[in-house]
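Open the model in your viewer and keep the selection panel at hand. This tour goes from the interface to single side-chain pairs.

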Amino acid sequence: MADPARIKPETSYQSNQEVKSETAAGEDEEEGTSGEPSSKRLKVEPEKKKEKRQKVDEDEIQKMQVLVSSFSEEQLNRYEMYRRSAFPKAAIKRLIQSITGSSVSQNVVIAMSGISKVFAGEIVEEALDVCEKWGDTPPLQPKHMREAVRRLKTRDQIPNTKFKKITFH
Amino acid sequence: MADEEDETGFDEELDDGSGGVECGHGKRKRLFSKELRCMMYGFGDDQNPYTESVDILEDLVIEFVTEMTHKAMSIGRQGRVQVEDIVFLIRKDPRKFARVKDLLTMNEELKRARKAFDEANYGS
């Protein structure tokens with residue numbers, strides 16, 4: 001089994017990376033240990049990549065620590081809210097189960113809460129952009145939110161299966 | 001966040017009875033008001049966001065969850081929502097994809113750590 005200290009999340013910020021999205025998250029690290037001769041060469045490369053990624057993560061952690069230590073009190077407050085706020089798992093679970101009619105696993109609730117928070121963040125950030133562009137100040141008003149939603153829709157970041165676009169008449 | 005304007009109390013009180021002044025999706029009770037306020041502050045809004053904006057955002061989030069659930073039910077194993085389906089639906093969006101991967105990996109780590117801790121305490 002891989003050393004726990006070397007287990008790093010296989011996050012990638014480019015969607016081109018060949019992360020196997022179907023396998024369980026914990027097994028992503030075991031790719032090179034199958035023992036077949038054809039994969040021996042592959043054994044060395046993932047390890048080099050893992051060490052590089054580890055170093056990059058540690059650099060990033062250090063940089064974050066330096067940044068957070070220089071925050072003002074208001075910034076610390078906001079950062080704490082940013083990290084700690086989350087959707088209540090019970091409510092999300094109830095919502096999903098009311099739609100499917102059957103029970104869902106805990107991982108599904110975790111995943112759905114996580115991406116919902118990212119979704120909310122995208123809307124708020126876009127709305128703040130709109131607010132700034134229109135020369136207004138926070139707090140955000142509904143017109144900013146609606147314009148943000150309109151913009152995100154044109155970028156296909158808001159799922160919509162209700163109204164289908166007719167490409168050719 | 002602290003209970004500020006009268007509007008918050010107004011909405012919550014009337015939702016049990018005849019519905020508030022501003023009904024979004026019918027007379028459904030607000031599910032995420034408190035958490036969404038903290039979240040909006042964390043993402044850059046004012047410390048006291050407008051209740052109408054929070055309501056709009058809640059409607060959007062509920063619609064998002066509903067859409068994702070319906071899509072997940074229609075792929076993979078029909079009628080059920082599984083993690084693999086969610087990951088598949090999210091594959092094109094780099095931020096959300098990375099976030100889901102992070103969360104699931106960390107959850108596995110925590111489970112392993114808890115299990116190791118329990119075995120250390122009660123194991124042979």
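Select chain B and chain A: nine residue pairs are in polar contact between them, both residues at pLDDT 80 or more. A polar contact is a pair of N or O atoms within 3.5 Å; within protein, one must be able to donate a hydrogen and the other to accept it, and residues adjacent in sequence count only if both atoms are side-chain atoms. On the side of chain B that touches chain A, α3(B) supplies the largest share, 17 residues.

This is a predicted model: local features need pLDDT of at least 70, side-chain atom pairs need 80 or more, and totals for chains, interfaces and linings use all residues. Residues count from 1 along each chain as written, chains are lettered from A and ligands numbered from 1 in written order, and side-chain values use heavy atoms, without hydrogens and water.

Next, pick B:Lys96 and A:Glu122. They form a salt bridge, with the closest N and O atoms 3.3 Å apart (a side-chain nitrogen of Lys or Arg within 4 Å of a carboxyl oxygen of Asp or Glu). B:Lys96 is buried at 2% relative accessibility; A:Glu122 is buried at 5%. Buried means under 20% relative accessible area, exposed over 50%, partly exposed in between (1.4 Å probe, protein chains only).

Now go to B:Asp59 and B:Arg30. Their side chains meet in a salt bridge at 3.4 Å, N to O. B:Asp59 is buried at 16%, and B:Arg30 at 18%.

Last stop: B:Glu108 and B:Lys111, a salt bridge at 4.0 Å between the closest N and O atoms. B:Glu108 is partly exposed at 23%; B:Lys111 is partly exposed at 41%.

Terms used. Helices (H or I, at least four residues) and strands (E, at least two) are DSSP runs, numbered from the N terminus.
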